[in-house]
Amino acid sequence: MPAYSAADDALTTKLVTFYEHLKDSSVPSHQATVLLFEPSNGVLKAVLDGSVITAKRTAAVSAIATKLLMPAFAEVLCILGAGVQAYSHYDIFTELFTFKEVRIWNRTKEKAVKFAGSVSGPVRVCSSAREAVTGADVIVTVTMATTPILFGDWVKPGAHINAVGASRPDWRELDDELMKNSVLFVDSRDAALTESGDVILSGAEIFAELGEVLKGTKPALPEKTTVFKSLGMAVEDTVAAKFVYDAWSAGN
Ligand SMILES: NC(=O)c1ccc[n+]([C@@H]2O[C@H](COP(=O)([O-])OP(=O)(O)OC[C@H]3O[C@@H](n4cnc5c(N)ncnc54)[C@H](OP(=O)(O)O)[C@@H]3O)[C@@H](O)[C@H]2O)c1
């Protein structure tokens, strides 16, 4: 994933591998390395841990979407999945927002129990996705599911969903009803229309890119049920890598 940001004066490439997670394997399903280059002459300046950057930048972008799109007085956060992204989303969401309750559901319940036992605050482990989702104001889907795990029928009107998994054109996390009856935001229109099974197979209409909302050219509509379909952009890694490099250079 190569990208250049003139605004940040940063040039990077992320090399990423993506494997099905084998049971009891300690090797993460996603592994990545970010190479940071000097834009003026191409000299390699740093090799960074891309797995940490991927975990944190993805959660950071979901947090920005949530800040703009979640309903007023959001009280309940629900996370579906208990892998790397579940942890990074929990960390940033509980740091930035004040939820009264955090719930988790995972296909393998023991991992949800382990999650609840290892994070800093109280988390309710749910036995079904439906139980976890019912009444939630903000929902994060961070699974490697290939068929829907979240159904429109279960979702509280006005809730905000960050759909982070299902990054292949034939993979799904959300059903057609939810996709079609929500206001759909994406990180990149081009990527969503070629990579996201939830967008392509549902035929849902894209309302805006998150960047358009940030720039003020499209409204956020937090009173509606909203979905942010995240696929990840190379420039997110570029900005994050430059941030880490600058902090390291400054001795922080
Ligand atoms: N949008 C972005 O920028 C971005 C960036 C990075 C990753 N992602 C995506 O985010 C998702 C999570 O990544 P991760 O790094 O957290 O992966 P991970 O650490 O391997 O965790 C995967 C999670 O998915 C669950 N899962 C696997 N297959 C499932 C299925 N068929 N049905 C329901 N749950 C299933 C696993 O449950 P078990 O514990 O039962 O195995 C586990 O909780 C992936 O789809 C990944 O491609 C998106």
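The following legends describe close-up views of a predicted model. Local features require pLDDT of at least 70, side-chain atom pairs count only at pLDDT 80 or more, and totals for chains, interfaces and linings use all residues. Residues are numbered from 1 along each chain as its sequence is written, and side-chain values use heavy atoms, with hydrogens and water left out.

**View 1. The antiparallel sheet S1-S2-S3-S4.** Four strands form this open sheet with antiparallel pairing. Strands (E, at least two residues) and helices (H or I, at least four residues) are DSSP runs numbered from the N terminus, and two strands pair if DSSP finds at least two bridges between them. Strand S1 (2-5) and strand S4 (44-49) stand at the edges with a single partner strand each, so one side of each has no neighbour in the sheet. On average, neighbouring strands of this sheet are turned by 20 degrees against each other, direction ignored. Four bridges link S1 to strand S2 (residues 10-18) in the antiparallel sense; Pro-2 has Thr-13 in S2 as its bridge partner.

View 2. Axes are lines fitted to C-alpha atoms, for helices over the stretch in contact, and angles run from 0 to 180 degrees between N-to-C directions. Helix H9 (residues 234-249) also packs on the sheet, touching S1, S2, S3 and S4, and its direction makes about 115 degrees with that of S2. Thr-238 belongs to helix H9. With a relative accessible area of 0%, Thr-238 is buried (buried means under 20% and exposed over 50%, with partly exposed in between, for a 1.4 Å probe and protein chains only). Leaving aside residues up to four places away in sequence, Thr-238 touches Ala-3, Ser-5, Ala-10, Leu-11 and Thr-12.

**View 3. The parallel sheet.** Eight strands form an open sheet in the order S7-S6-S5-S8-S9-S12-S10-S11, with parallel pairing. Its edge strands, strand S7 (124-125) and S11, each pair on one side only. Strand S5 (residues 76-80) and strand S8 (residues 138-141) run parallel and are joined by four bridges, and Leu-80 has Thr-141 in S8 as its bridge partner. H1 packs on this sheet, touching S8, strand S9 (160-163), strand S10 (183-186) and strand S12 (226-229), and its direction makes about 160 degrees with that of S9.

**View 4. Strand S10 and its partners.** In a regular strand the side chains alternate between the two faces of the sheet. Both faces of S10 are covered, with Val-183 and Phe-185 buried on one side and Leu-184 and Val-186 buried on the other. S10 pairs with S12 in the parallel sense over four bridges, and Val-183 has Thr-226 in S12 as its bridge partner. Three bridges join S10 to S11, again in the parallel sense; the bridge partner of Val-186 in S11 is Glu-209.

**View 5. The loop residue Glu-205.** Glu-205 lies in the loop between helix H7 (197-202) and strand S11 (206-209). Its relative accessibility is 69%, so Glu-205 counts as exposed. The C-alpha atoms of Glu-205 and Ala-6 are separated by 31 Å, the two residues being 199 residues apart along the chain.

How values were computed:
Contact = heavy atoms within 4.5 Å.
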